[in-house]
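Consider the sequence and the model shown here.

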Amino acid sequence: MIYPMYIGGRRVDGASDRLRAVVNPATGETIGSIPMGTPEHVDQAVRAANEAAPLLARMTVFERADLCARIAAAIENNRERLAKLLSMEHGKPYYTEAFGEIGACISSFRDAAEQIRWMRSEIVPTRDPNKRAFVYRRPRGVYGVISPWNFPIGNPSVYYLAPGLAAGNAIVWVPAPSTAAIASEYVRIIVEEADLPAGALNLVIGAGAVVGDALVGHPGTHAIGFTGSMGTGNAIARRAGAKPCLLELGGNGPTIVLPDADVEAAALAIHGGCFSNAGQICTSTERILAHESVADALAEALAASAGRIKLGDPMDEATTMGPVHNEALARKVIEQIEDAKAKGARVLAGGGILSDRPTSQYVQASVIDRVSLDAFINSEETFGPVAPIIRFKDGELEQAIESSPYRLSAAIFSRDIEKALLMAEQMRFGIVNINESSHYWETVIPAGGASGSPSGYGRSGGKYSIEEMSELRTIVLNLPGGNSREIR
């Protein structure tokens with residue numbers, strides 16, 4: 001089965017000699033194929049989007065709200081079909097996480113439908129009594145969107161597709177190739193069942209260095225949205241030049257457990273932050289800074305909870321964690337664990353790959369204690385199911401926080417709410433959660449990296465995405481006579 005591209009509302013299969021297999025990470029089986037697009041496909045998609053953009057811009061906000069509502073209904077009508085393909089292609093558990101991601105897609109379009117109705121324009125007071133300055137929020141035009149594989153339809157929907165269409169943009173979407181089958185089926189449903197104008201949403205599949213680069217540099221795109229690695233994000237920003245860029249990049253923020261924390265509650269929240277989606281979340285709890293007075297109890301609780309995880313087939317209802325998405329990531333996680341061990345860390349749970357499974361991507365839920373600051377698992381993004389504990393003494397917390405440059409999200413656990421709040425206000429992160437895991441987020445909350453950090457630029461989520469994906473236009477009206485005119 002071929003999962004095609006969609007350009008101008010039509011299916012595009014691409015060349016038969018440029019097909020790539022879609023492989024199930026849980027079983028190693030081939031479940032279909034995807035076409036590998038070319039810069040020519042990007043050009044066709046951008047041209048189709050530019051033809052659709054004026055129509056979308058002329059729609060009233062109520063018409064665009066109705067469009068988003070139809071998309072939400074189409075996704076909901078195909079929830080089980082989408083969740084199954086998502087689980088098979090990505091590796092996340094079907095009954096929990098795959099259905100949860102589809103739910104986020106549905107809510108993102110429903111939320112956008114409501115939010116766009118209440119986005120306001122304004123009249124700016126002027127010194128000249130004869131002038132009226134009207135400030136409108138208008139779409140940017142054609143948005144190029146490049147999305148990651150960890151939430152292959154949830155991330156683009158929440159961050160870019162729903163707010164972008166609500167704002168009146170036409171979109172050309174390049175998904176990660178390893179999860180392009182679910183993206184293809186998703187766009188098919190939207191295009192065929194939601195009465196979407198031709199060219200409003202286009203899908204081009206292919207290697208990032210080929211179709212992604214062509215999309216970012218194309219003169220017909222007016223803005224770029226990207227979620228992914230720091231290196232690729234920096235390259236995109238350079239290639240985009242003066243185009244507005246909405247970038248969410250790497251995350252490796254600290255989860256801080258202070259001496260007065262409720263250790264049991266902290267361990268429960270951290271468990272979710274480390275092992276949800278097999279740790280493949282930008283805001284995962286990837287390094288835990290625990291005060292030495294509570295570190296033993298925390299390590300023991302996390303090791304016990306990790307041991308209760310059921311690592312298995314994503315389609316098995318008993319499974320609570322599936323394999324990581326690709327072999328390169330599995331190797332990276334194990335290499336980071338081995339590096340930490342060589343620098344004095346102790347593995348309390350997991351630490352390896354299950355050898356009796358169909359693929360080598362079943363990385364165990366792992367807890368590592370006494371990780372040193374110079375260990376790669378502390379300083380670099382891991383993106384896997386690992387809970388690394390870095391112990392700190394009084395006076396050492398600031399050094400531990402600064403030992404990794406990422407500034408996407410962080411968490412603080414403490415019973416002293418006033419102290420935690422003041423601490424959070426002083427920390428330079430896009431999000432700081434108090435007595436909650438670092439990965440907690442709702443789709444209406446703004447998310448993004450702190451300025452000057454490797455974690456990106458701009459804010460995504462809810463109305464904040466709509467604001468980022470639109471621009472202010474000003475019209476100044478001259479009223480000769482103005483306030484001196486007598487109105488009868």
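The paragraphs below start with the sheet and end with backbone angles.

This is a predicted model, in which local features need pLDDT of at least 70, side-chain atom pairs count only at pLDDT 80 or more, and totals for chains, interfaces and linings use all residues. Residues are numbered from 1 along each chain as its sequence is written, and side-chain values use heavy atoms, without hydrogens and water.

An open sheet of seven strands has the order E14-E15-E16-E13-E12-E17-E18, with mixed pairing. Strands (E, at least two residues) and helices (H or I, at least four) are DSSP runs numbered from the N terminus; two strands pair if DSSP finds at least two bridges between them. E14 (346-349) and E18 (431-434) are the edge strands, each with a single partner, so one side of each has no neighbour in the sheet. Inside the sheet, E13 (287-291) and E16 (386-392) run parallel and are joined by four bridges; Leu 289 has Ile 390 in E16 as its bridge partner.

Helix H10 (292-307) lies across E12, E13, E14, E15 and E16, at about 135° to E13. Angles run from 0 to 180 degrees between N-to-C directions of axes, which are lines fitted to C-alpha atoms, for helices over the stretch in contact; contact means heavy atoms within 4.5 Å.

Most residues other than glycine have a negative phi. Arg 370 has a positive phi, near 60°, and sits in the loop between E15 and helix H12 (376-379). Asn 435, with phi near 55°, is in the loop between E18 and strand E19 (456-457).
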